[in-house]
Amino acid sequence: MKKRDYYDVLGVSKGAPEAEIKKAYRRLARKLHPDVNPGDKTSQKRFQEVQEAYEVLKDAEKRRAYDRFGHAASSPGFDADAAAGYGSTRGPFPGGGSPFPNVSFESTDFSELFGNIFGGASRRTGPEKGESAHGTIEVPFRDAVLGGTASLSLRREKECPTCGGTGRVGKNVCTTCRGAGRIAEEERVRIRIPEGTADGGTVRVPGKGAPGKRGGEAGDLFVTVRVTPHSYFERVGDDVHGVVPITVKEAYSGAEIDVPTIHGTYRAKIPAGTQGRQKFRLRGKGVKNPRTGETGDHLYTVRIAVPGARTAAGLDAATLLDSLYEEPVRKDLPKGL
């Protein structure tokens, strides 16, 4: 089955910038992820198709090769220089140009092309890298923003050690793999979670995908990270938000208070006359972006906590405070629609 154009898969134009490609990938990955569509084979196939397209288009070198030669650029043993020679005046064919003038190499898989021309399916004899594998892991909020490690249990196939992947021992069918050439095994893979990993982000683990063929290297494992929400901190981009209660006196006269952040507690000043729901910022106390290396801020909203106990002295103090307002506090509210 002929592969779809990678740009069509992601729904972007051929000249789309890297940021647009990444945005399109994230939108589709969230929509098609197997966890969102359990048991849906169509969505799973589309998800793998989107992953494959993004792996090529996010890499500048792979993208240039794909733009020039199409899917053939990722074929094992593909020689870009030789392919480029087919369309030049220095090519190996008389008069230059392609030996197949009616075939566009940009949209045709070379392996399919030569297989059809010379009869029958093409045979690949060289090493071939294994297919990518995909998984999902849930990590605590702390490990996602500060970095950590996690483990994932994988069921992987490997070459049968008895028959060397041939499925036969001498003239007999291999009894270990029963002729399949491969056996399944459970493997616990330890995964490093980079600092600043966002919910829905992907971690690549080299060599933990499907095994290669004919001595080729194993494919890669792509793990989608789901971050468990924190009971107090809320991440918005690279910033972290929180709410800090303060007393009526602290709001009225100003104070120094302790503000919890993901990096520990910091002493901060709030000015006299602070209002409820007023926001303050601690610069550089947020999440470090794994791509840019820049660190976000911590933003905290103050909430004025009113004493729950009612006493005569408290009522007198509240009455005194009430007398200090110079104008009605609700004067700017609308009268209706």
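Which residues of helix α4 (residues 60-69) are buried?

Reply: This is a predicted model, in which local features need pLDDT of at least 70 and side-chain atom pairs count only at pLDDT 80 or more, while totals for chains, interfaces and linings use all residues. Residues are numbered from 1 along each chain as its sequence is written, and side-chain values use heavy atoms, with hydrogens and water left out.

Helices here are DSSP runs of H or I with at least four residues, strands are runs of E with at least two, and both are numbered from the N terminus. Buried means under 20% relative accessible area, exposed means over 50%, and partly exposed is in between (1.4 Å probe, protein chains only). By these cut-offs, R63, Y66 and F69 are the buried residues of α4. They line one face of the helix, because they fall within an arc of 155 degrees when seen down its axis; the arc is taken from the directions from the helix axis to the C-beta atoms. On the other side of α4, the residues E61, R64 and R68 are exposed.

Now the two ends. After α4 comes G70, which has a positive phi near 70 degrees. Most residues other than glycine have a negative phi. Elsewhere, R178 has a positive phi near 60 degrees without being a glycine, and R178 sits in the loop between β4 (172-173) and β5 (182-193). R178 is exposed, at a relative accessible area of 75%.

The partner of α4 considered here is helix α3 (residues 41-57). α3 and α4 pack with their axes 6 Å apart and at an angle of about 105 degrees. Axes are lines fitted to C-alpha atoms, for helices over the stretch in contact, and angles between N-to-C directions run from 0 to 180 degrees. Angles under 35 degrees count as roughly parallel, over 145 as roughly antiparallel, 65 to 115 as roughly perpendicular and the rest as oblique. α3 and α4 are therefore roughly perpendicular to each other.

Where they meet, E55, V56 and L57 in α3 face K62, R63 and Y66 in α4; contact means heavy atoms within 4.5 Å. R63 and Y66 are among the buried residues of α4. On the α3 side, E55 counts as buried too, at 17% relative accessibility. Leaving out residues up to four places away in sequence, E55 touches K62 and F222. The side chain of E55 also makes a polar contact of 3.3 Å with the side chain of K58. A polar contact is a pair of N or O atoms within 3.5 Å; within protein, one must be able to donate a hydrogen and the other to accept it, and residues adjacent in sequence count only if both atoms are side-chain atoms.

As for the setting, the protein chain has nine helices and 13 strands. Of its 337 residues, 32% are buried. Among its contacts between residues at least 6 apart in sequence, 57% join residues at least 24 apart.
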